[in-house]
Every structure is written in structure tokens, then in C-alpha cells.
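Hi,

Here is the structure I promised to pass on.

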Amino acid sequence: MSAQSAPQSRPKTQIRIERRAEQPRWLSILSPFILIAAALVVGALLLRMAGADPWALYARMARVAYGDRYGWSDTTIKATPLILAGLGVSIAFRMRLWNIGAEGQLFMGAFLATGVAIRWLSPETPMVIMLTVMAVAGFIGGAFWGLIPGVLKAKLNVNEIITTLMLNYVAAMWVNYFVYGPWSQRGFGLTPQFPANAWLPRLTDFSEQVPAFRGITAHFGIVLAIVLALILAVVWQRTRWGFAIRIMGDNPRAARYAGINLPRNIMLVMALSGGFAGLAGMSEVAGVVHRLQERFSPGYGFTAIIIAWLAKLNPIAIIVVSYLFGGLLVGADEIQPAGIAQLLQGVILFVVVGGEMMLRYQVRIER
Amino acid sequence: MTEAYVPAFEMRQITKRFPGVVANNAVDFSAARGEIHALLGENGAGKSTLMNVLCGLYRQDEGEIFINGKPVEFHSPGDAIAAGVGMVHQHFMLVPVQSVAENVILGLRGVSFVLNTADIEAEVKRIGEQYGLPVDPRAKIWQLSVGEQQRVEIIKMLYRGAQILILDEPTAVLTPQETELFFRTLNEMKADGKTIVFISHKLDEVLAIADRITVLRNGGWVATVPAAGMTKPELASLMVGREVLFDIERPERKTGAPRLVLDGIGALDNKALPALRDLTLSVRSGEIVGVAGVAGNGQRELAEVICGLRPLTAGRMTVGDAAITDAPPIVMIEAGIAYVPEDRSATGSAPNLSVAENLALKSYRHTPVGGRFFIDRRAMRTRAQELIQRFDIATPSPETPSRKLSGGNLQKVILAREISSNPQVIIASYPTRGLDIGATENVRNILMEQRNNGAAILLISEDLDEVFVLSDRIAVLYEGEIVGEVPGNRADRETVGLMMAGSKPQEPGVAPAASEESRS
């Protein structure tokens with residue numbers, strides 16, 4: 001009986017890790033910043049090993065991304081699709097539907113918007129109509145791509161993680177087919193440039209009225225993104241449907257018991273989630289690239305997952321976190337080799353997922 | 001106590017704290033060999049915590065434990081079982097797809113790499129026979145009834161050489177008849193010199209089986225008394241700290257028109273096997289119909305069918321004047337059916353949502369809380385405050401997440417929500433399961449008040465006391481059928497108990513599945 005022979009009564013110091021009963025509010029607000037800072041420290045170690053001076057590098061990245069209005073403009077351009085896709089992902093995550101197919105949904109949104117711009121509407125179509133139809137098409141493209149896993153989940157209980165992940169590849173290949181095939185410009189992996197009426201207005205386009213806007217290429221997409229974030233914030237807080245989604249996310253059985261139609265809402269939420277990512281794709285092709293091309297997204301749809309998570313699915317926080325990641329992307333353009341930025345992103349994801357867990361626990365030293 | 005008395009185990013001045021709570025505060029507890037010692041207390045009194053300390057799951061912050069007079073320190077349940085202390089938890093820890101024998105040796109150290117199955121099975125059988133715990137060692141766990149699974153858990157502990165057995169609310173899952181058999185087993189073990197700690201809050205059982213009784217209240221020790229000579233009211237007032245009335249006033253009341261009629265209902269369970277067969281039942285305005293039965297005989301399916309949560313395979317249903325058959329939950333809610341589900345936290349509430357939001361889980365669709373698209377947070381809060389006051393819900397604020405409430409208070413939240421919709425019909429499944437005496441009293445009074453106000457109430461419970469105290473009529477459910485109905489005032493425990501075990505009623509005055517009594 002080993003238990004009895006154990007020495008008694010000698011006070012032992014024990015370090016114990018316990019789950020926090022409740023995450024304090026300050027911690028939950030600060031946690032994204034703490035986690036990104038921690039990730040940068042880990043990244044610094046790696047950069048040092050690669051022979052660089054990490055702090056000088058970080059300082060330069062920050063200057064490039066946030067140092068002047070051109071930096072802010074570039075960061076805004078990167079943040080726009082991140083906000084839209086991040087909002088999309090967050091809609092599904094609110095209901096604990098793990099839509100990791102934002103990248104594919106973004107591609108399908110871009111695809112349909114491109115079809116409108118270069119094929120289905122005349123280049124002479126007035127800008128307002130052209131852009132509106134493109135936005136609707138972009139939304140529909142993404143929504144359709146989200147609806148497929150949604151229907152499978154609702155009707156057959158097929159795991160949406162697998163289906164959304166796999167559909168990413170299908171969407172990328174689908175776009176490849178068109179940019180190398182039917183819509184290709186001389187067989188390169190891109191379509192012809194959109195007609196001018198299909199370009200989202202940029203600030204620099206108004207430089208005649210406001211000279212300060214000269215060279216600021218941030219486009220109208222950011223307005224759309226912020227407006228949608230505000231609308232979502234109201235939806236979650238103030239609407240019947242938002243409340244129903246909260247119930248479903250917290251306890252689907254209670255939701256069913258309360259008379260909420262789960263399958264219908266799963267499909268609706270997946271479509272909406274995909275639709276937002278589709279808008280991100282539309283805004284990217286209409287606002288930045290002005291054509292559809294192979295790999296036009298550097299993984300916005302995947303970064304959006306990290307963003308939604310870090311922002312704790314809060315629409316306003318998604319804007320802030322997207323600006324942080326947008327800045328990282330802009331700053332990273334300054335770094336050689338280019339892989340460093342992706343490495344940093346990987347490190348951030350790792351630290352965020354792990355750190356989020358750690359912040360939920362506390363260390364206690366006993367006696 | 002004689003001078004040679006050495007308790008089988010002794011816990012001295014045990015204190016265990018959790019963040020924000022003192023679960024045990026300097027508790028003394030001990031028992032002798034060959035003693036059945038009941039540990040009695042309301043929910044949250046600290047019974048389970050104390051026993052989790054004894055069986056090595058928790059470590060006490062202060063205090064000492066002695067086994068046979070020697071100090072011990074347990075770092076895991078393995079240490080405890082090595083010292084002869086075994087606990088049978090309320091929720092069984094068995095692997096459904098494995099056999100009884102395999103479950104018994106699961107996690108045991110010193111088992112040879114190649115299992116000697118025949119020996120293990122023989123030993124399991126021998127232990128079973130010795131203590132009156134019959135179970136087939138080769139049967140798979142999923143094939144066994146809950147009562148049989150409990151036997152496996154006890155055999156598991158005996159196989160490991162447990163001399164001190166801790167049983168956490170063991171009778172909660174048994175029929176009256178099974179309970180009697182189970183008590184015989186306990187006496188066998190006692191005669192064999194084992195020490196048994198029997199955790200319970202059922203006073204009758206404690207008085208029937210225990211030698212001594214220790215009462216805990218709010219984490220502290222209240223009394224240790226010999227069972228002989230104690231009475232129920234005495235024990236109850238020790239537990240609650242005040243006097244408790246056991247009977248509830250049930251004023252005679254003319255019953256009205258049928259509000260809920262089930263006609264030849266059939267339904268499947270989750271494994272797609274028939275769970276309800278040709279079930280016919282009606283509940284009138286102003287009456288409580290108690291459905292007695294052992295858990296797993298179709299209770300859950302019955303409640304879910306009525307609430308639209310489970311499809312019908314046969315039969316018709318009428319709510320009020322409207323024939324509503326096989327409609328989705330929202331239709332049943334709007335038709336005035338309120339449902340107090342058996343699992344408060346898994347079905348009845350959204351744990352991370354606030355109390356106010358949980359109170360509005362259904363009513364958010366209607367004024368004053370909900371408009372066409374929007375919800376009015378202020379109205380939600382006001383309404384929550386009203387209900388919190390009216391139903392005496394103990395919560396720090398309406399914004400507190402419901403998971404932080406005690407079981408009794410969470411149940412009050414659910415009752416408040418369901419009753420505040422002025423339902424025609426209330427389906428109450430195990431409404432007081434796991435609640436302490438005070439909360440139970442409260443919930444029963446609320447149900448009775450609703451009956452007196454004219455609601456039709458279907459009370460589903462396996463607690464016969466509850467069914468007897470509350471019901472105007474008692475219907476017995478066995479294998480998905482109503483095997484008989486008894487008027488509440490003429491029911492006797494023996495007959496209902498036998499019907500719960502499947503025998504059809506023979507006595508005069510007991511009509512099989514008919515309800516001519518209450519026509520007015």
C-alpha cells in the first residue's frame with residue numbers, strides 16, 4: 001500500500017495549474033494584443049536565428065504599415081478583404097459551425113463578380129448598377145459555396161469542417177480553369193482587365209476635389225466592410241434572429257427545444273457566412289486587382305479564421321484585428337525573403353491557439 | 001463505543017475549498033467495519049466533495065485521513081483503491097461496448113498481458129453470487145439495464161478488494177423492488193465486514209438501511225446520529241435547518257375539459273426501436289396526471305412527442321380543441337404546451353446565456369421582449385426581474401450566466417419561463433430530480449398552484465413519493481405502454497410498484513388504462 005508509506009505531514013510546495021473560474025474582462029479584451037505580442041517575441045527568436053535584427057525589422061515593418069497615410073492606405077487595402085471574410089467566418093463560428101472554407105467562398109464570389117464585369121453586363125453599364133450587380137453576384141457566389149456544406153450538414157449531418165476545407169480546392173481549380181481557359185487573356189492565368197465602370201472607386205480618384213487623396217489607393221470596399229461590421233454588431237445584440245443564433249451557438253438542443261428551426265438556420269448561416277467571404281472576393285477583384293487571376297488572394301480566407309478567433313467573433317474587434325494583420329502583410333512586403341511574413345503568421349496562429357488555452361488557466365503555488 | 005474501537009476510516013477536520021466556495025469546512029466523518037453509514041445532506045451540502053476526497057479524486061486543503069488507524073495521503077483514486085477505498089459514482093464509468101468482465105479489470109494494474117478471461121469471468125460470477133449481485137460476466141454493458149450496470153460498478157470495486165465502499169445516490173436509478181434487492185446486497189456486504197458509505201437525500205431509505213447517519217449542511221458537519229429512533233421530520237430539519245412539511249395541500253377541484261389527448265401514439269427511440277406503443281392518455285384542465293415508471297420505459301420519448309421534438313409513427317394528438325399531430329416544436333409552443341425537460345442544463349437552458357436570456361428563451365418572439373425583427377433588451381431585463389422576484393430565484397443578477405446557478409435555481413428559471421407563458425398544458429419531466437428538500441417543496445408548490453389555476457399537468461417522474469403526493473391520477477408506463485391507471489387517492493405503493501415492473505393490475509378498483517373517474 002504505497003499510499004500509506006508516503007511521508008506525511010511534511011508541507012510540500014506544489015505548483016498547480018487550474019482552470020480559471022472566470023476570465024476577467026480586462027484579460028478577455030487584452031488577450032488578442034497579448035497573444036500577438038507573444039507571437040512577435042517568438043517570431044523574433046526565429047528571425048534572430050536567421051541572422052536578422054528582429055527589433056529593427058519590426059520597427060521598419062511598423063513604419064511601413066502605419067508610418068504615413070500611404071502606409072495606412074496599403075494596410076486598409078489588405079484589411080478590407082480580411083474584415084469581410086473575417087465577418088463571414090465569425091457568423092458561422094457564432095453558431096459553432098466551423099466554416100473554414102472562406103478562401104473558396106472568396107474565390108467563388110470573385111468568380112461570379114468577374115463574370116458580371118467582363119461577360120454578362122455591357123461595359124457601358126453605369127457604374128452604380130455595374131458595381132451593385134457585381135456585389136450581389138459576389139455575395140451569391142460565396143453564399144452558394146457556403147450553402148453546399150450547409151445543406152449537407154443540415155440534411156445529412158455531414159461534417160462541415162471537411163466539406164468546407166475541400167471545397168476550397170475545388171473553388172481554386174474552378175477559377176484556374178476560367179482564367180486559363182474560357183476567360184483567359186492569351187492563355188496567361190488572368191482575365192482581361194475590367195472596364196472602368198467595374199472598378200470600385202478609390203480615394204485617389206477624387207484627388208481633383210481633395211488633393212490630399214492623391215495616391216491613396218484605398219477603395220470603397222473598406223466602407224462596405226465597416227458598414228457590414230456595424231450592421232452585424234446590431235444584429236447580434238438587438239435582433240430576434242441574432243438572439244436565436246446565440247441560443248443555437250450555445251446549446252443547439254435548447255434551441256430546438258425553444259422552437260428554433262435548426263436545419264433551416266444552419267443553411268441560412270452557412271450561406272450568409274459564405275456570402276460575406278464572396279463579397280471579400282468581389283471587393284478584391286473590383287477594388288485592387290481589377291481582373292480575376294490565379295491566386296489573387298494570398299490566403300485571406302484562412303487568415304480570416306485567425307482574425308475571427310482573435311476578435312472573439314466580435315464584429316468591431318474584427319476590424320481592429322484585421323488592421324493588425326493587414327499591417328503585418330504590408331510590412332512583410334519589405335522583408336526578404338518573402339516567406340518570413342507567412343512564417344510570422346504561422347507563428348501567430350500557433351501562439352494564439354495555444355495561448356488562448358493558457359489564458360484560460362492560472363498558475364497557483366500552494367504552500 | 002468500546003475502547004478497542006478502530007474505525008475502518010476516519011476523516012478529521014477535512015476542509016476543501018474551491019475558488020469562491022468552501023465545499024467542506026472542518027468535517028469529521030468516520031465509520032466502522034460492518035457499518036452502513038449514511039451521509040445525508042441537501043445538494044451543495046458537500047457530500048460528494050467529502051467522498052471525492054476520501055476516494056482520492058480531490059485532495060483536501062486541510063485535515064487528515066486515517067485508514068484502520070493509520071494516516072494516509074491519497075494522490076489519486078488508484079492510491080485510494082490500493083488502501084481499500086472504492087467509490088461508485090452516480091454517473092457510471094463503464095465502456096458500453098466491452099463486456100462486464102472486461103470492464104471489471106479495466107485500468108487494473110498487474111493484469112497479465114494476455115487476459116485470462118475464464119478466470120476473471122469466474123471471479124466476477126463468484127463475487128456476484130456471494131453478494132447477491134447477479135450479472136452475466138460476458139454480457140456487453142450496453143445490453144444491461146441501469147440497475148445491472150450499477151451491479152457491475154460495485155463488483156468492480158469488490159474485485160479490487162475494496163473494504164470501504166462509497167455509494168453516491170445508488171437508488172436514484174432503481175425501482176422500488178430493485179431497491180429492496182439492493183438493500184439485501186448491502187446487508188450481505190455489511191455482514192461480511194465491509195464498510196459502506198451511503199450518500200443519499202432520500203430520508204426513508206436512509207432510515208431503512210443505515211446504522212448511523214451523518215448530516216452535512218452548507219459544507220459543515222451538523223450531526224452524527226444512530227439511525228434507530230430517528231424520524232423523518234427530525235432528519236429533515238437537521239438537513240434543512242428548519243422544519244419541513246412533507247405533505248402538500250391538494251384541494252379538491254373539479255376537473256375541466258381535456259386539454260391534452262393522446263390517442264394510440266407510437267414513436268421510436270434514438271436507436272430507431274419502438275419506444276411508445278399504442279399509448280393513449282388524456283389530461284384535463286385542473287388535474288395532475290402522474291406518469292410513474294422506471295427510467296427508460298419511454299418517458300423521454302413521451303415528453304418529446306408531445307412537445308414536437310420527436311416524430312410520431314402512429315396515433316393522433318389533440319391540444320385544447322385543435323388536432324395537432326406531428327407538428328414542429330414551435331407549433332406546440334404556440335399551442336400552449338410548456339415543457340420542463342428532464343435535463344435542465346442539456347436541454348432546458350443555454351448555459352452561457354444570462355438568466356434573463358434564458359427566461360426569454362421562448363418569449364423573445366412576442367411582445368414585450370420581441371418585436372417584428374428586434375428585441376428590447378430593457379424589456380427583457382424588466383421581465384426577468386419580475387420573474388426572479390415572483391419565483392424567488394437566487395441569482396446575483398439577471399445578467400449572470402445560467403450555468404452559475406445551483407440546480408434548484410436553474411429549475412426555478414425553467415419553471416418561471418414555462419409557467420409565465422400561461423400554458424394550457426405543462427409537461428414536467430422529473431421536475432425535482434437532484435433538487436434538495438427546500439427546492440423540491442418549492443417546485444411542487446408551483447406545480448400545484450398551476451393545477452389549481454386550471455392548467456393540465458403531465459408529471460413524469462420515477463420518484464413514487466412525488467407521483468403520490470401530487471397526482472390526481474397515476475398512469476404507469478412500462479415498455480412504452482400505459483399498463484394501468486389508478487386514481488391518486490386510491491393508489492397504493494405496492495400495486496404501482498408492481499405495475500412499474502410490468503405486471504398488469506388485477507386488484508379491483510384499478511382500471512386498466514381507462515379514465516372514467518373524473519368526468520364531471
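Below is what came out of going through it.

This is a predicted model, so to speak of local features pLDDT has to be at least 70, side-chain atom pairs count only at pLDDT 80 or more, and totals for chains, interfaces and linings use all residues. Residues are numbered from 1 along each chain as its sequence is written, with chains lettered from A and ligands numbered from 1 in the order in which they are written.

On confidence: the predictor gives the complex an ipTM of 0.82 and a pTM of 0.77.

Chain A has 14 helices and two strands (DSSP runs, H or I of at least four residues and E of at least two, numbered from the N terminus). Its C-alpha trace spans about 90 × 60 × 40 Å along the principal axes. Of the contacts in chain A with a separation of 6 or more, 78% join residues 24 or more positions apart.

In chain B, four strands make an open antiparallel sheet, ordered 12-11-14-15 (strands pair if DSSP finds at least two bridges between them). Strand 12 (274-284) and strand 15 (322-323) of chain B each have a single partner strand, so one side of each lacks a neighbour in the sheet. In strand 14 of chain B, residues 314-319, the pairing with strand 15 runs over two bridges, and Val319(B) sits opposite Ala322(B).

Cheers

Terms used:
Contact = placed C-beta atoms within 7 Å.
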